[in-house]
Amino acid sequence: MIKFLDLYAQYCSMKDEIDGAMRDILETSAFIGGAAPAAFEKEFAAYQQARYCVGVANGTDAIEIILEALDLPADAEVIVPANSFVGSSEPAGRRGLKVVFADVCPSTYTLNVADVARRITPKTRVIVAVHLYGHPCDMDGLQALADAHGLIIIEDCAQAHGAEYRGRRVGSIGVAGAFSFYPGKTLGAYGDAGAITTGNEELARRCRMIANHGRVAKYDHEFEGRNSRLDGMQAAVLRVKLRRVDGWIDHRNRLAAVYSSQLAGVGDLTLPVVAPACRHGFHLYVIRTARRDELMKFLTKREIQTVVHYPIALSRLPAYENSGQANEPMFANAASATLLSLPLGEHLDELQIGEVTSAIREFFAD
Ligand SMILES: *Cc1c(COP(=O)(O)O)cnc(C)c1O
């Protein structure tokens with residue numbers, strides 16, 4: 001069996017450290033607040049090259065809290081890529097803002113700058129730049145649009161821990177970055193967790209207050225916030241994993257290179273690309289083929305697990321029926337029928353990638 005994800009194997013590879021870190025929390029009862037979340041915030045800010053980091057409860061909250069802290073006009077429009085997880089678009093909708101979907105590039109699956117430009121109106125305030133699958137967006141292109149139209153870029157880095165654009169880690173380029181530590185992400189907790197990164201001290205302070213009932217100290221609530229904190233147990237786990245994550249990302253890149261060399265020219269496959277001057281986070285290795293469903297079935301029979309990210313474009317979800325964008329001739333609207341994510345991660349080695357590519361070559365040899 002070639003698993004898509006194997007969190008148990010990952011745990012076994014660092015069991016003593018994880019057990020020790022969790023025992024520390026249990027023995028000190030530091031479940032909320034305490035040393036571990038503060039230490040993780042410091043270490044994660046350094047890792048992502050951001051000045052400030054605020055731990056929150058999950059990646060979706062991270063985006064929503066940033067939007068709230070930005071204090072946008074009630075009729076503001078927020079541009080979001082049409083191919084992403086719903087956590088990219090929900091926060092704007094939850095804030096009562098208008099979600100406008102833009103298309104993604106067929107090469108990197110990140111925002112198509114020309115299409116974003118076409119969607120800008122006098123009400124547009126924010127671009128949610130999703131570094132999908134771990135590939136950084138064209139940040140120079142998006143920043144040029146942001147500068148020309150007075151827009152704010154929020155980076156959705158939920159899939160892009162450690163990814164770099166022109167030598168800068170994602171989450172340190174836009175006004176703020178939002179990270180998810182959902183267990184299956186490249187850096188995952190043992191439950192829900194997330195973080196906000198930013199270089200703006202005032203924004204970091206506001207986000208921290210919003211995430212903690214509108215307060216700084218115990219009972220000085222300056223406004224109504226909410227409860228969205230990174231807890232001690234998750235922070236303790238994340239600190240152990242953070243020490244390993246760069247090695248995991250390098251390993252993912254090596255395996256991705258093996259996939260790309262062994263699958264070049266096979267069938268009608270379109271393989272992922274890495275744009276110049278980028279470090280791909282390779283959270284996912286996503287291919288396209290017109291025979292996606294057939295290939296998926298074939299691989300399942302060979303005990304090779306694959307997943308589709310995402311089977312329905314955001315613009316086509318019932319939740320966004322009112323956007324009227326379901327039938328626009330966007331690449332994102334059409335691509336979902338052809339996308340397939342192959343197994344990738346620190347639980348696999350080059351031999352196993354070879355097994356996957358052999359099976360795929362066999363499928364297309366028919
Ligand atoms: C996982 C994910 C989110 C949401 O993160 P949660 O921690 O699950 O709330 C947002 N955007 C993208 C692109 C994601 O992959």
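Which strand does Phe179 lie in?

What we have here is a predicted model, so local features need pLDDT of at least 70 and side-chain atom pairs count only at pLDDT 80 or more, while totals for chains, interfaces and linings use all residues. Residues are numbered from 1 along each chain as its sequence is written, and side-chain values use heavy atoms, with hydrogens and water left out.

Back to Phe179, then: this residue lies in strand β8, residues 176–180. Phe179 counts as buried, at 0% relative accessibility; buried means under 20% relative accessible area, exposed over 50%, and partly exposed in between, with a 1.4 Å probe and protein chains only. From Phe179 to Ala189 we go 10 residues in sequence and 12 Å in space, C-alpha to C-alpha.

Now the whole chain. The protein chain has 12 helices and 12 strands; helices (H or I, at least four residues) and strands (E, at least two) are DSSP runs, numbered from the N terminus. With a radius of gyration of 20 Å, close to the 21 Å that the globule rule gives for 366 residues, the chain is as compact as a globular protein of that length. That radius is taken over C-alpha atoms, and the rule is 2.2 Å times the number of residues to the power 0.38. Along the principal axes, the C-alpha atoms fill a box of roughly 70 × 55 × 35 Å.

Buried residues make up 57% of the 366 residues. As for contacts, meaning heavy atoms within 4.5 Å, residues 24 or more positions apart account for 71% of those with a separation of 6 or more. The chain exposes about 15,400 Å², and carbon and sulfur atoms supply 51% of that area; accessible areas come from the Shrake-Rupley method with a 1.4 Å probe, and for residues only the protein chains shown count as cover.

Next, a sheet to find on your screens. Strands β7, β6 and β10 form an open sheet of three strands in the order β7-β6-β10, with antiparallel pairing. The edge strands are β7 (168–169) and β10 (278–279), each pairing on one side only. Two strands pair if DSSP finds at least two bridges between them, and two bridges join β6, residues 164–165, to β10. Across that pair, Glu164 stands opposite Arg279 in β10.

On to some backbone details. Which residues does a cis peptide bond join? They are His309 and Tyr310, with omega about 10°. Tyr310 lies in the loop between α10 (292–301) and α11 (331–335).

Two residues other than glycine have a positive phi. Ser29, in the loop between α2 (15–28) and α3 (35–47), has phi near 55°. Tyr109, in the loop between β3 (98–102) and α6 (113–119), has phi of about 65°. Are they buried or exposed? Ser29 is partly exposed, with a relative accessible area of 49%, whereas Tyr109 counts as buried at 3%.

One last stop, in helix α3, where we find Glu41. At 12% relative accessibility, Glu41 counts as buried. Leaving aside residues up to four places away in sequence, Glu41 touches Cys53, Val54, Gly55 and Arg208.
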